[in-house]
Amino acid sequence: MTVESVKPATPEARELREPPLAGGGVPVLGHGWRLARDPLSFMARLRDHGEVVRLRLGPKTVYAVTSPALTGAMALSTDFIIAGPLWESLEGLLGKEGVATANGPQHRRQRRTIQPAFRLDAIPAYGPIMEEEAHALTERWKPGETIDCTSESFRVAVRIAARCLLRGDFMDERAERLCIALATVFRGMYRRMVIPAGPLYRLPLPANRQFNRALADLHLLVDEIVAERRASGQKPDDLLTALLEAKDDNGDPIGEQEIHDQVVAILTPGSETVASTIMWLLQVLAEHPEHADRVCAEVESVTGGRPVAFDDVRTLSHTNNVVVEAMRLRPAVWILTRRAVRDTELGGYRIPAGADIVYSPYAIQRDGRSYADNLAFDPDRWLPDRVKDVPKFAMSPFSVGNRKCPSDHFSMAQLTLVTAALAAKYRFEQVPGSDDATRVGITLRPQRLLLKPVPR
Ligand code: HEM
């Protein structure tokens, strides 16, 4: 099915149906209790009820889109904007003027400012930093010691984003602070999103105080990074310079708040998503030693034993497939929301103006209707002769359309390089106390992954 075939010219052009109500709702709370209790299974089962279904979250009706074709159609349609509870909770805390939450002309202008830093031909310039950071990560570890994968993954993700895009120095201490701040902020934001109990979060409780401190530190860090660049008088060719020099639609410099929110909007998704994915890649290397060995063998065959380099990435096809398969089964971004800006339709279902819509890349990417042996970790399903069996939009971890992640090439390059560097040097084993169960928050990551690296 193509996008065109699921989207007619106007909603009036044919008889539209009301989406069915998903089963399992209870009085008052509707489906909210299921979403709060076991969101992954809940989202994964919704397609059994239809390709578009209605959910009741307390007094509110929310629409869930469950098929690859319709999520693709929605992401590519101008009838929907970024909005909804997820974005509102993000906006309130991270700022309203950054690219991740803006809409319309402001969003288009902001994308034009940041896009050059992420273009495919811009990525090789980041190669030396990615290489340095990937090897520094493995060299920090002593054989036999226990590594805390959460802080190690955050550290490398923040350092790569900050050093490549903001040319930031002294990033060790900042990465540590950012890691602590983001972990607390994201945990608190998720809670505020699923349990919207406004006044409760203003009470002087320890959890609220911790959350407010972390949020303040996140904003302080960004102010420090911007102030430091300004004080240096330097204008290197990087994303921060592009943001500081950006002009609005009248040709005037953009305001301080927008600069601040833009840095937050890039650093925040840039570290949380990559860090969560690196945690899952470490988990995969420990859980599937046969694939770790294949990655190691591939790296050796390409490098002949020298340290893996950025330029090797495009030849490391199995390593790349391991990364893609890990992202399929454990997508960092597992839930997304949109809002209909006009009366419209999806797949013949009526969607009223103002409707909030959710969809889950996690559910889409694990669906047995799209993937044979859907829950098996099988990187070879991405080999050229098998990848054609994957339905369109059934694997879009970076999304599609005008809100597509600008960082897909940047992220894939660093994830493949880091995976290659890790598997070439170590085998990994989980140690007692490690818990690799999925922790659901704004992103998905292991609860507390603790590994012992064993040198090869
Ligand atoms: C947007 C995923 C890494 C910056 C998005 C979206 C997804 C996504 C799915 C679209 C959200 C939507 O449709 O509502 C990922 C994944 C990553 C990753 C899976 C890594 C594994 C990064 C990195 C950066 C970044 C490294 C920056 C350094 C952004 C920004 C947006 C975005 C700025 C907002 C784009 C817009 O609204 O125009 N990301 N991302 N992401 N991502 Fe990423």
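Which residues make up domain 1 and domain 2 of the protein chain? Select 1-94 + 334-380 for domain 1. Then select 97-330 + 397-425 for domain 2. These bounds come from an automatic or database domain assignment.

**Before you start**

This is a predicted model, with residues numbered from 1 along each chain as its sequence is written. Local features need pLDDT of at least 70, side-chain atom pairs count only at pLDDT 80 or more, totals for chains, interfaces and linings use all residues, and side-chain values use heavy atoms, with hydrogens and water left out.

Colour by pLDDT, the predictor's confidence in each residue, from 0 to 100. The protein chain averages 89. At least 70 is the score of 94% of the residues. Now pick residues 1-6, where the pLDDT is below 50. Beyond near neighbours in sequence, this stretch has eleven contacts in the model (contact: heavy atoms within 4.5 Å).

**Stop 1**

The contact takes 28 residues from domain 1 and 32 residues from domain 2.

Together the two domains bury about 2600 Å². Buried area is the accessible area (1.4 Å probe) that two parts lose on being put together, summed over both. Carbon and sulfur atoms hold 64% of it.

Select Leu93, Leu94 and Phe377. These supply 30% of the area that domain 1 buries against domain 2, more than any other three residues.

**Stop 2: polar links across the domains**

Between domain 1 and domain 2 there are eight residue pairs in polar contact, both residues at pLDDT 80 or more. A polar contact is a pair of N or O atoms within 3.5 Å; within protein, one must be able to donate a hydrogen and the other to accept it, and residues adjacent in sequence count only if both atoms are side-chain atoms.

Next, look at the elements on the domain 1 side. Helix H4 (68-76), helix H5 (85-94) and helix H15 (361-365) each give two or more residues to it. Helices are DSSP runs (H or I, at least four residues), numbered from the N terminus. H5 gives the most, with eight residues.

One salt bridge is counted between the domains. A salt bridge is a side-chain nitrogen of Lys or Arg within 4 Å of a carboxyl oxygen of Asp or Glu. Select Arg294 and Asp380: their side chains meet in a salt bridge at 3.1 Å, N to O.

**Stop 3**

By the salt-bridge rule, the count comes to 30. One joins Arg177 and Asp217, with the closest N and O atoms 3.0 Å apart. Arg177 sits in helix H9 (residues 171-194) and Asp217 in helix H10 (residues 206-232). The pair links parts of the chain 40 residues apart.
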